[in-house]
Amino acid sequence: MLKDKVVLITGAANGIGQATALTVARYGAKVLLGDIDEAGGQATKKMINAAGGEAIFFYVNITDSKNVARFTEHAVEQFGRLDCAFNNAGIEGSYGTTAEYDEKEWDQVLDVNLKGTWLCMRSEIKHMLAFGGGAIVNASSALGKTGIWNMPAYVASKHAVIGLTRAAALDHAQQGIRVNAVAPGVIDTPMVRERIYNADPDAEANLLRMHPIGRIGTPEEVAEAVAWLCSDAASFVTGTTLSVDGAYMAK
Ligand SMILES: NC(=O)c1ccc[n+]([C@@H]2O[C@H](COP(=O)([O-])OP(=O)(O)OC[C@H]3O[C@@H](n4cnc5c(N)ncnc54)[C@H](O)[C@@H]3O)[C@@H](O)[C@H]2O)c1
């Protein structure tokens with residue numbers, strides 16, 4: 001499905017980013033992995049190589065514009081082009097009501113989830129234009145379409161990612177660049193299992209109830225949606241946000 005395409009993935013050291021890296025490599029892509037977690041990023045690279053795939057890892061902090069520009073250049077230097085990007089790196093931030101929320105936390109969540117995503121897109125689009133087009137997928141969330149208690153910065157940032165996705169799709173539709181987002185429900189990753197479930201003993205049961213399908217999702221289920229959106233099979237799909245959420249948003 002992605003034979004010989006060059007795919008860039010941020011947040012590739014863990015969870016959804018790692019699963020997507022393994023999936024697109026299995027579909028034939030060469031993968032540029034980026035993360036602030038170097039050990040995790042190297043582990044993803046090793047997994048891809050062990051399965052016979054091609055991948056390289058570079059440290060990138062998506063909130064640093066110079067770092068991001070350098071990272072996207074690596075795709076072209078190492079693999080000759082850039083076809084697809086999954087802007088997946090994100091943080092959930094701390095928990096608190098809108099009235100109580102900490103200003104530094106707010107800035108940090110918006111910086112990574114919104115500004116970081118835009119910085120990545122800005123660099124990626126420049127390279128994609130040089131090669132006649134490409135496909136970008138941004139990580140939003142079911143919480144980009146509806147609210148939840150105690151996560152005002154996260155909810156705001158993920159709604160904003162959907163708006164940014166639409167704006168970029170319009171700006172570059174005539175230049176051969178498709179821009180979409182995925183909106184996962186709760187997915188079994190370190191973000192959820194190690195942090196959200198630990199922060200609140202009732203979280204697991206509460207979150208399960210929100211998914212009519214009767215379970216939370218796997219990173220691989222999101223990865224398949226991202227791979228399809230990146231592929232030429234989705235050639236008329238741009239400016240949209242695909243829910244991958246076990247009917248979370250259907251209620
Ligand atoms: N897990 C879920 O239930 C869920 C649901 C909906 C959306 N999402 C979104 O999907 C994406 C991936 O989530 P996940 O659950 O795999 O998270 P995760 O915490 O398991 O992995 C996120 C990765 O992003 C990296 N990262 C964080 N800040 C970074 C930065 N500034 N620069 C570069 N890398 C950075 C982390 O090191 C980590 O490897 C996030 O954007 C998240 O908001 C997750």
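**Close-ups of a predicted model**

**View 1. Helices H4 and H5 side by side.** Helix H4 and helix H5 (residues 152-172) pack at an angle of about 15 degrees, their axes 9 Å apart. Axes here are lines fitted to C-alpha atoms, for helices over the stretch in contact, and angles run from 0 to 180 degrees between N-to-C directions. That angle makes H4 roughly parallel to H5 (angles under 35 degrees count as roughly parallel). Their crossing is right-handed, as the near helix is turned clockwise from the far one by less than a right angle. On the H4 side, the contact includes Trp106, Leu110, Leu114 and Trp118, and H5 brings, among others, Tyr154, Val161 and Leu164; contact means C-beta atoms, placed from the backbone, within 7 Å. By class, it's 13 nonpolar, 4 polar and 2 charged residues. Ala, Val, Leu, Ile, Met, Phe, Trp, Tyr, Cys and Pro count as nonpolar, Asp, Glu, Lys and Arg as charged, and the others, Gly among them, as polar.

A quick note on the model: this is a prediction, where local features need pLDDT of at least 70, side-chain atom pairs count only at pLDDT 80 or more, and totals for chains, interfaces and linings use all residues. Residues are numbered from 1 along each chain as its sequence is written.

**View 2. H3 against H4.** The axes of helix H3 (residues 65-79) and H4 come within 9 Å and cross at roughly 35 degrees. This crossing, too, is right-handed. Val68, Ala69 and Thr72 are among the H3 residues in the contact, with Leu119, Cys120 and His127 among those from H4. The contact divides into 6 nonpolar, 4 polar and 1 charged.

**View 3. The sheet.** Seven strands form an open sheet with parallel pairing, in the order S3-S2-S1-S4-S5-S6-S7. Helices (H or I, at least four residues) and strands (E, at least two) are DSSP runs, numbered from the N terminus, and two strands pair if DSSP finds at least two bridges between them. S3 (54-59) and S7 (241-244) stand at the edges with a single partner strand each, so one side of each has no neighbour in the sheet. From one strand to the next, the twist averages 20 degrees.

**View 4. Around the ligand.** The ligand is surrounded by 30 residues, and the closest are Gly11, Gly15, Gly90, Thr189 and Met191. The shell splits into 15 nonpolar, 13 polar and 2 charged residues.

Notes:
A residue is near a molecule or strand if its C-beta atom, placed from the backbone, lies within 6 Å of it. Angles under 35 degrees count as roughly parallel, over 145 as roughly antiparallel, 65 to 115 as roughly perpendicular and the rest as oblique. Two residues are in contact if their C-beta atoms, placed from the backbone, lie within 7 Å.
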